[in-house]
Amino acid sequence: MEAHTLGVESARNQPPTRWDARPSARARRAWRRVREFEREWSVAGPTVFGLIAAALIIYNHVQDRVTDLAFWLGLALIASVFSWMIQNNHRRARIDAMTGLANRLRLQADLRQLLASSAELHTLVLLELEGVAAHRDLLGFEAGDDLVRSFSRELAGLVDRLGGTAYRVDGAQFCALVPGGRRGPDEIVMAISESATNIEDETIGQAHGVVALPEDTVDPDLALQIAGQRLAADKRRQRRSAKHQAHDALTAVLNARHPEMSTHVRAVAFRAIAVGRLLGLGREQLDDVVFAARLQHVGMLAVADAALERQANLSAGESKVIRGLPAVGASIIASAPALAPVATLVRSSYENYDGTGYPDGLAGERIPLGSRIMAVCVAFTVLTSERADRRTRTPEEALAELRRCAGAEFDPRVVEALAEDMADDLPQPRP
């Protein structure tokens, strides 16, 4: 099959390589110094120019040696500086100083404007990071602040991809205001939940309160009140199910052994949520697909690092071991009975639509739909990611390649669902 030479199948057969690295402590300290310099200069710069202009006017008053043009330019400069400072202070009053996200004042203003002027559907998600106080007590205030900043960056990136705005409400509470569009509240919440999967401390959890606007209310204050009530209910409900506990434990072990895979896993899960929704999966089924995407490579825990790192020129025995990873991973996952559906999806995630895959040679509709979704999303993510062993494809090129392999490696219906989800992000052909 030509797709093998182009890297689709080989990409699916190999564990992802390192695409990104966490910023070092030195890098984080350097970034904080840059931010501190920017804050200081934002005040010092206008002050210096204002003093120069004031000195010019005073000198003119005493010596009467400055031309009228210079005098009025100096006066205009002073007025401009003060006007800028007023506007800047007003803007900064609506920005959280620690994270750079919009704050509660900005959120309240945006809600008032939105509900007063638009009937467009929006989803308001109030979320709280649980365990931040304990993290800060254990590792210190700087570590706690770094955690909040890191989460804020992840959240802002995900919410921006959804076309919305992220806010820091207070302490460890955050908010996202996202246009509804083709995405339902459940899908938006699941996508936003991915913002915490990159946090190294596994004691950090999330709780959510979700409000559909304007369906639930057209009152901004009531919207925040309802979100708070639903957040509290979610926190009470969460002391978490056996399924989530088992998933979290396995994810923690996998992340500790292979932290470099976090970006790949999150990208696959993000795509799988949207594609699964378009194919009619319910919330529980979407949960299983997301869990399977996160745990797809858990079988790597049973393989020596040397075989995984080489990824080429493997012996026949090593190739057999690599091809057995889906079955091994499924066995590990199935040791937690609550994750049995997830184990099934992981086992079948390397089956091909025409029956040439492994480990069971399933074909067509016999392959679980969640596994078919994972296969397409994994291939798309690999093709569009930067890797040393192959050229990075554009989204258009990757989609064209998936369509070419549809019916052989991939379910054509799943490929077209991915294309539908990406339709708004791809350039439209000229008429």
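**Cores and a covered helix**

Me: In this predicted model, which residues have the most contacts inside the largest nonpolar core?
Reply: The largest nonpolar core holds 48 residues. Inside this core, the ones with the most contacts are Ile 333 and Ile 373.

Me: Which helix gives the most to this core?
Reply: Several helices supply at least two residues each, including helix 10 (242–257), helix 11 (262–278) and helix 12 (283–295). Helix 15 (325–334) and helix 19 (412–422) are also among them. The one that gives the most, with 11 residues, is helix 17.

Me: How many residues are in the other core, the one that lies apart?
Reply: Leu 101, Leu 155, Leu 162 and Val 189 are among its members. This other core has a total of 23 residues.

Me: Is helix 8 mostly covered or mostly uncovered?
Reply: Helix 8 runs over residues 185–193, and seven of its nine residues are buried. Among those buried are Glu 187, Val 189 and Ser 193. What covers the buried residues includes strand 1 (122–130), helix 7 (141–161) and helix 11. So helix 8 is mostly covered.

Me: How do helix 8 and helix 11 run, roughly parallel or roughly antiparallel to each other?
Reply: Their axes are 9 Å apart, and the helices pack at an angle of about 170°. Angles over 145 degrees count as roughly antiparallel. Therefore helix 8 and helix 11 are roughly antiparallel.

Me: How many charged residues does the contact of helix 8 with helix 11 have?
Reply: Here Glu 187, Met 190 and Ala 191 of helix 8 meet Phe 270, Ile 273, Ala 274 and Arg 277 of helix 11. By class, there are five nonpolar residues and no polar ones, and the charged residues number two.

Definitions and conventions. Residues numbered from 1 in each chain as written. Predicted model: local features only at pLDDT ≥ 70, side-chain atom pairs only at ≥ 80, totals over all residues. Heavy atoms only, no water. Core = buried A, V, L, I, M, F, W, Y, C linked by side-chain atoms within 4.5 Å. Buried < 20%, exposed > 50% of the residue type's maximum accessible area, 1.4 Å probe, protein only. Helix = DSSP H or I, 4+ residues; strand = E, 2+ residues; numbered from the N terminus. Contact = heavy atoms within 4.5 Å. Axes fitted to C-alpha atoms, helices over the stretch in contact; angles between N-to-C directions. Parallel < 35°, antiparallel > 145°, perpendicular 65-115°, else oblique. Nonpolar A, V, L, I, M, F, W, Y, C, P; charged D, E, K, R; others polar.
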